[in-house]
Every structure is written in structure tokens, then in C-alpha cells.
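Me: I have a model open and want to learn how to read it. Can we take it feature by feature?

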Amino acid sequence: MKYIPILALIFGLSGTFPNTLEAQTLSSKEIIKKVENTMRGNSNFSEIKMTIIRPDWSREMTMKSWAKGEKYALIQVTGPARDKGTMFLKRENELWNWQPRINKTIKMPPSMLTQSWMGSDFSNDDLVRQSSFVNDFTHERLPDEKVEGRDCYVIMMTPKEGVPVVWGSIKFWVDKKEFIQMKSEFYDEDEYLVSTIAFSEIKTMAGRPIPTVLTVTPADDEENKTIIEYLNLEFDKQYEDSFFTIQNMKRIK
């Protein structure tokens with residue numbers, strides 16, 4: 001599966017929120033731009049728990065992540081013990097993996113990008129794919145709906161011709177008051193639902209309302225889920241580009 005962008009889900013949320021009066025005059029594209037600005041910050045640090053659920057087993061992992069803009073990111077697995085210390089480095093469209101147990105660094109080749117990331121419902125490709133909700137799609141406003149009791153704009157996005165996006169369309173539910181993404185549905189080119197991401201448990205973190213739990217559910221097997229929970233978020237951290245290097249990836253404890 002290819003979600004757009006996975007960095008927005010894993011590496012934290014940032015941005016500012018418009019007031020209600022301003023929101024009343026926004027176009028569909030401007031609404032999505034507010035969401036994208038909210039989800040993509042200049043830099044951030046986060047601590048995350050990811051739970052992978054399958055019919056006959058489940059698995060929990062904890063991680064730390066550092067990100068700078070859309071080009072650079074580091075993920076460090078902090079648990080369970082067998083995976084502790086595993087690192088992933090994103091530099092623009094490249095993805096590197098550091099395995100401390102075998103003292104080996106691997107640059108993910110294209111053949112590996114479609115494989116599942118850490119056994120979850122995300123792929124390795126999700127970590128490096130860069131697509132813009134604003135610039136790579138057209139936007140259509142649909143009738144408003146409620147999600148978890150919140151009044152939401154509903155926007156249908158269709159990729160522009162020639163844009164390297166695998167989806168036929170993406171449907172967004174956006175909270176009207178705080179421009180929080182509440183739900184997303186991903187459809188293939190034949191308009192069949194492929195997967196849903198639900199955003200829930202909104203809490204104030206670092207002074208901002210944030211959905212702290214994200215649940216990914218494949219449409220063809222609703223017993224499979226990947227749940228991401230934010231344990232801590234810090235915004236506007238200052239990182240040099242040199243922080244996001246193979247050498248530094250091996251030094252972080």
C-alpha cells in the first residue's frame with residue numbers, strides 16, 4: 001500500500017490553525033492546503049507506538065523519530081528488544097536501513113520498496129514517497145458530514161494527469177473548527193475502496209489539538225489493522241542536515 005504522505009502520519013503534526021470566520025470563505029483546495037500545512041512542519045521529534053493486528057497474532061513496537069521538512073527523517077526502533085536499535089534513514093527519495101545486530105547498513109533497492117514496512121500495513125515506499133495533497137490533485141467539495149461528533153468538510157481528491165500516484169481518488173474528512181484530518185479513504189483506479197485511515201483520540205500536545213491515534217484498515221480484510229499512537233510530540237526542533245546521515249544513524253542511542 002502507498003499512503004500519501006506517510007511522513008505526515010509518523011513524524012508528527014505542525015502548523016497553525018485558521019479561525020472559523022476565515023474557514024467559511026475557503027475553497028476546497030484551500031481547505032486541503034490548511035490540512036497539509038497542519039500536518040507538515042519544519043521539523044519535529046516524536047515518540048510512537050505502532051500496533052500491528054492480524055487475525056491470529058498482534059505485535060507492538062515503539063519508536064522515536066526525527067524529521068526536518070519533507071526531505072529528511074530518522075526512525076529508531078526502541079522496542080521490542082529483538083528490534084531495538086534498528087534505524088531507518090530517509091534522505092530525499094532514498095531509504096537506508098541500519099541493522100545493529102549484524103552491523104550492516106542497507107540501501108533499499110526499488111525491488112524492496114513495495115515490501116511491508118516492519119510487517120505493518122505500510123510499505124517501505126511509503127517512507128520515501130513525496131506527493132502533495134495540494135499540487136498533485138484536483139479537489140471537489142462534497143456535502144458536509146460528522147465524524148466522531150465533529151462537523152467536517154468532505155473533500156474528494158483526484159490525481160492530476162501524469163502525477164505518479166497509485167490512487168484513483170482519496171476522500172478526506174476535515175474538522176471545520178481546527179482543520180484536523182479525521183478520516184481518509186483511499187480508492188483504486190476502478191473506484192474500489194482499498195483502505196481507510198481513521199484519526200481519533202484528539203488531545204492537546206505541545207499546545208495544539210492533535211489526533212493521537214491513527215488506525216489503518218485494509219478494505220479487503222478488516223481484521224487486519226495497523227494502529228499508530230503518538231506518545232510524545234515536540235515541534236520546531238532545530239536539526240542540521242548532517243544529523244540525517246548514515247554515520248549519525250549508527251551513533252544515535
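Me: Leaving aside neighbours within four places in sequence, which residues is T212 in contact with?
Reply: Keep in mind that this model is predicted. For contacts, look for heavy atoms within 4.5 Å. T212 meets S200, E201, K203 and M205, and also I228, E229 and Y230.

Me: Where is the place of T212?
Reply: In strand β12, which spans residues 208-218.

Me: Why does T212 count as buried?
Reply: Buried means under 20% relative accessible area. T212 counts as buried because its relative accessibility is 2%.

Me: Now M61. In which strand is M61 found?
Reply: Strand β2, residues 57-68.

Me: Is M61 buried or exposed?
Reply: Apply the cut-off again: under 20% is buried. M61 has a relative accessible area of 1%, so M61 is buried.

Me: What pLDDT does the chain average?
Reply: Read pLDDT as the predictor's confidence in each residue. The chain averages 84, and 87% of the residues score at least 70. Over residues 1-9, however, pLDDT is below 50; the model gives this stretch 45 contacts beyond near neighbours in sequence.

Me: How many contacts beyond four places in sequence does the model have for residues 11-23?
Reply: It has 42, and pLDDT stays under 50 over those residues.

How values were computed. Residues numbered from 1 in each chain as written. Predicted model: local features only at pLDDT ≥ 70, side-chain atom pairs only at ≥ 80, totals over all residues. Heavy atoms only, no water. Helix = DSSP H or I, 4+ residues; strand = E, 2+ residues; numbered from the N terminus. Buried < 20%, exposed > 50% of the residue type's maximum accessible area, 1.4 Å probe, protein only. pLDDT = per-residue confidence, 0-100.
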